[in-house]
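Have the viewer ready and follow along.

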Amino acid sequence: MRRFTRTLAAAVLTATMVAGTAGWASGNPQRPVTGSPAGTAAWVADGLPDPGSLTPDQVAAYFQGLGEAGRQRLLREHPDVVGNLDGAPLALRYAANARTSRGRFAGQQVLAYDPRGRGQAVLVLGDLATAAHVAVIVPGSDTDADHLTKLRDKAIALYEAAGGRTAVVAWAGYTTPVGVGLDAATGTLAEAGAARLVRFTRGLRAVGAAEPALFCHSYGSVVCGLAAGGVRATDLVAIASPGMRADDVAGLGTGARVWAAKDPDDWIDRVPNVEFAGLGHGTDPTDPAFGARRVPAADAHGHDGYFTPGTSSLRAFAAIAEGAAR
């Protein structure tokens with residue numbers, strides 16, 4: 001009874017904070033973008049296979065069988081599908097998204113661009129096709145095609161810290177919460193994002209890219225926690241996490257190494273680590289009982305300071321990305 005009372009009290013506190021009476025919660029409900037890429041109806045009407053029915057491996061095999069002329073035809077006629085099809089050739093996707101984004105990301109390698117909703121985009125630093133190591137950064141709230149600066153800065157910092165030897169992906173590939181409101185306190189958007197992340201990592205494998213390490217920031221760590229059993233990854237790093245929807249590392253169902261980082265003055269530490277009636281995301285991954293390897297972060301500051309150049313956390317991230325951390 002005493003345990004139930006504590007859990008209920010924590011849940012009420014969570015609900016109070018989410019409702020905004022604690023002063024930090026504000027946000028607009030979001031509808032996740034899911035399913036096949038934009039332009040699928042025209043693609044299927046052209047007699048092409050329904051993208052929603054193909055695995056990334058099947059997509060890769062399909063494009064391999066087309067020949068160069070066939071691939072270029074699809075690039076010209078259906079760039080919105082080609083650019084967002086996990087398993088399609090990397091160079092073809094870059095070319096397709098350069099067309100559909102109309103210079104929005106000039107000079108950058110855009111692996112995915114979906115203008116629906118608030119917009120999603122996936123940017124790549126380095127040579128994803130040949131890099132021995134790949135890192136994917138999964139962001140939290142308020143990230144979309146119009147708000148990529150913080151995510152891209154993190155990607156640049158990690159790319160430079162790893163000496164340019166690791167390809168880094170800034171993966172704004174799911175519908176994130178806006179603000180810290182009900183969406184951020186529940187798993188609905190994370191569940192949709194997890195399905196997209198699983199498919200994305202399998203798409204990397206389908207085109208021969210190295211198995212990635214996932215760096216999951218804030219609400220992005222909820223996405224990674226829900227995706228853990230299905231993603232192809234060497235490492236999962238929970239950064240400034242409100243919880244991963246699992247009681248411990250074993251509950252994630254992954255063979256990847258699991259790491260956790262939280263600095264001393266991160267406001268996320270004031271969020272109750274409960275999961276009750278759909279609210280909250282469970283155990284703090286930095287709790288020793290969770291079983292994750294701890295990333296040093298004593299010299300990082302705030303909720304977004306973990307990728308600051310010169311910090312011990314960024315040095316540790318680079319070592320993890322390169323497979324050098326133990």
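## Aromatic pairs

This is a predicted model, and six aromatic pairs are counted in it. One of them joins Trp 171 and Tyr 174, whose ring centres are 5.8 Å apart with 15° between the planes, giving a stacked pair. Both Trp 171 and Tyr 174 are buried. Together with Phe 200, Trp 171 and Tyr 174 make up one aromatic cluster.

Now turn to Phe 307 and Phe 317. Their planes meet at 45° and their centres lie 4.9 Å apart, so this pair is tilted. Because Phe 307 sits in the loop between β8 (293-294) and α12 (312-321) while Phe 317 belongs to helix α12, the pair ties together parts that are ten residues apart in sequence. Phe 307 counts as buried at 5% relative accessibility, and Phe 317 is buried with a relative accessible area of 0%.

## A charge over a ring

For a contact of another kind, look at Arg 293, which lies over the face of Trp 259 at 5.4 Å from the ring centre.

## The second largest pocket

The second largest pocket has a volume of about 440 Å³. Its lining consists of 25 residues, and those nearest the centre are Gly 35, Asn 84, Asp 86, Arg 196 and Arg 199.

Which element gives the largest share of the lining of the second largest pocket? That is α9, with five residues. At least two lining residues come from each of β1 (109-114), β2 (120-125), β4 (166-172) and α9 (188-206). By class, the lining of this pocket has twelve nonpolar, seven polar and six charged residues.

Conventions: Residues numbered from 1 in each chain as written. Predicted model: local features only at pLDDT ≥ 70, side-chain atom pairs only at ≥ 80, totals over all residues. Heavy atoms only, no water. Phe/Tyr/Trp six-rings, centres within 6.5 Å; stacked < 30°, edge-to-face > 60°. Buried < 20%, exposed > 50% of the residue type's maximum accessible area, 1.4 Å probe, protein only. Helix = DSSP H or I, 4+ residues; strand = E, 2+ residues; numbered from the N terminus. Lys NZ or Arg CZ within 6 Å of the ring centre and 35° of its normal. 1 Å grid on protein atoms, 1.4 Å probe; cavity = no way out; pocket = protein on both sides within 12 Å on 5 of 7 lines; lining within 4 Å. Points joined across faces, edges and corners; volume = space filled by probe spheres on them. Nonpolar A, V, L, I, M, F, W, Y, C, P; charged D, E, K, R; others polar.
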